[in-house]
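Trainee: Could we go through this structure together? I would like to begin with its pockets and then turn to the chains.

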Amino acid sequence: MYGFEAMSFNIHGGYLEAIVRGYRSGLLTAADYNNLCQCETLDDIKMHLSATEYGPYLQNEPSPLHTTTIVEKCTLKLVDEYKHMLTQATEPMSTFLEYCTYGHMIDNVVLIVTGTLHERDVQELLEKCHPLGMFDSIATLAVAQNMRELYRLVLVDTPLAPYFSECITSEDLDDMNIEIMRNTLYKAYLEDFYRFCQKLGGATAEIMSDLLAFEADRRAVNITINSIGTELTRDDRRKLYSNFGLLCPYGHEELALCEDLDQVRGVVEKYPPYQSIFSKLSYGESQMLDKAFYEEEVKRLCLSYEQQFHYAVFFAYIRLKEQEIRNLMWISECVAQNQKSRVHDSVVFIF
Amino acid sequence: MSGQAQRLNVVPTVTVLGVMKARLVGATRGHALLKKKSDALTVQFRQILKKIVQTKESMGEIMKTSYFAMTEAKYVAGDNIKHVVLENVKTATLKVKSRQENIAGVKLPKFDYFTEGESKNDLTGLARGGQQIQACRSAYVKTIELLVDLASLQTSFLTLDEAIKTTNRRVNALENVVKPRIENTITYIKGELDELEREDFFRLKKIQGFKKKEIEKQMAAARKFAKEQAAGELALKKGLPLDSGFNLLGQGSQKDEDIIF
């Protein structure tokens, strides 16, 4: 199974795999993060970043630098790299690359829909969308007056169409809480992506299944914890869990019954790969859970680079870059708000 | 300003004096009451000032914490979280209402905040970051509480300041302008009345003098007449005509040609 890829992968994918590995070596290292954490002002950060790959993007910014500008420019770099790879890709790699961004597309669609329902201006909404999730007909989303029209007119042409039809009928679309809609869509997207990877076969299928399973399990745990004490019923909760992953199906059954964090911890600790996450938290504390999940994710993403000739390196690169942008945002905000002591709380080193 | 307060232009009569005296009593009473009011207001003022200083200090701390909670939420839930939350909002859940409080006669506005309606944002960040978002929300609710308190305190501060200035102005006016003026008026009236009295007295005395003179004159005239009467009677008794006697006396005094001496 593994042998055949070495022969044919490089025909179509060799150039891009080399490109993405080059990008990956340009990610900030622990030494860079240490330097950044020592900065006193945002200008220092700008100076340090100009020595890294972000140099050309931050050079032209005027001096009172804002944290949001830093984040914007870094995201811009990611978008440029992604577009470069996408234009060079052939099938099935191009489909794979597009799949990587459907998550952001879902976020953008949900944002525009809520904004339209509350009668905000379309242009403003478009500016607030994530650049990786833009597609051509996104502006027409604002035209629709209710969800049925929305689906009929617009969503049918987007790649997100099957997710809408799978999970919700048109009555549900009107009443449903936006968050539930977003999570249902995301669940459908994950399952679709999983199926696609399985179809691709080989190392891609194996590594991506692992990564996607982790993602699905993480979402299940987060949904459980965040819906404790809200009006989300257990059945609704169960509907939002994906149908693959380590925790499915027995873990999901138990998670649906959980009413507080310690029960969740009990359920998850039965699965050895996730034990290390919860061991970092003391009892009753949930603040560090997200950081623990991010660390675990970064570990797995880095491991995917150990193998060659598969597409998971692209997915991993996009995720690692997003984590890096998150780190930079955190460091800049800590420096700008004079909270240097908290800087190390949430920075996840990638190497 | 005139160094010594002037006096009011009044007709210096007794009634007006009575009126002025009443006004002086009123002014003194008013002055004492206003001074008490001013002291009470100043006490309140100092208290509010202390509270404002405290609140502002804690405001700095709390704003810092809530901004940091916001950063944490952004870190976990993604940068877009601000837009997601904003787009989902129709009306505000935290509202402020104002009412009036009466402190030592001054109406001060006070603001209270109250929650209205359920927030639909309970499920935000369901898949990631929900905890941080709710923590951020409660941090900002605390900030709003503090802000509303600070707003009440500051408006009360300004209003009280105005009120104290006005009251002090009135106290000073009463003390330095109105009362001296009225006192001077009273003094003036009293002076005028005294002078009138003196004039009257003098006039009376003068008239008495005249009368006395008149009486003396009359008495003198009467005496003279009485004397003449007596002399006339005497002459009559002697058989002389009244006139002759008179003539006699008259001739006696004249040079008689017949008599050669």
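Trainee: Which element gives the largest share of the lining of the largest pocket?
Mentor: In this predicted model, that share comes from α5(A), which supplies 8 residues.

Trainee: Which other elements supply at least two residues of that lining?
Mentor: From chain A, besides α5 (67-88), there are α6, α7, α11, α12 and α18.

Trainee: How much space lies in the largest pocket?
Mentor: The space amounts to about 1300 Å³. The pocket is lined by 49 residues, and those closest to its centre are H104(A), H130(A), G78(B), D79(B) and N80(B).

Trainee: And how does the lining divide by class?
Mentor: The lining of the largest pocket has 19 nonpolar, 12 polar and 18 charged residues.

Trainee: Let us change topic to cavities. How many of 30 Å³ or more are found in the whole structure?
Mentor: The search finds 5 such cavities. The largest cavity has a volume of about 50 Å³.

Trainee: Which residues line the largest cavity?
Mentor: They are L211(A), F214(A), E215(A), E297(A), R300(A), L301(A), F315(A) and R319(A). Two or more of these lining residues come from each of α12, α17 and α18 of chain A. By class, the lining of the largest cavity has 4 nonpolar and 4 charged residues, with no polar ones.

Trainee: Now the two chains. How many residues are in contact?
Mentor: On chain A there are 44 residues in contact with 29 residues of chain B. Together the chains bury about 3300 Å², with 52% of that on carbon and sulfur atoms. On the side of chain A, the residues that lose the most area to chain B are H118(A), K128(A) and N226(A), together 17% of what that side buries.

Trainee: How many salt bridges does the rule find across that interface?
Mentor: The rule finds 2 salt bridges between chain A and chain B. E333(A) forms a salt bridge with K74(B), and the closest N and O atoms are 3.8 Å apart.

Note on methods: Residues numbered from 1 in each chain as written. Chains lettered and ligands numbered in written order. Predicted model: local features only at pLDDT ≥ 70, side-chain atom pairs only at ≥ 80, totals over all residues. Heavy atoms only, no water. Contact = heavy atoms within 4.5 Å. Buried area = accessible area lost by both parts, 1.4 Å probe. Salt bridge = Lys/Arg side-chain N within 4 Å of Asp/Glu carboxyl O. 1 Å grid on protein atoms, 1.4 Å probe; cavity = no way out; pocket = protein on both sides within 12 Å on 5 of 7 lines; lining within 4 Å. Points joined across faces, edges and corners; volume = space filled by probe spheres on them. Helix = DSSP H or I, 4+ residues; strand = E, 2+ residues; numbered from the N terminus. Nonpolar A, V, L, I, M, F, W, Y, C, P; charged D, E, K, R; others polar.
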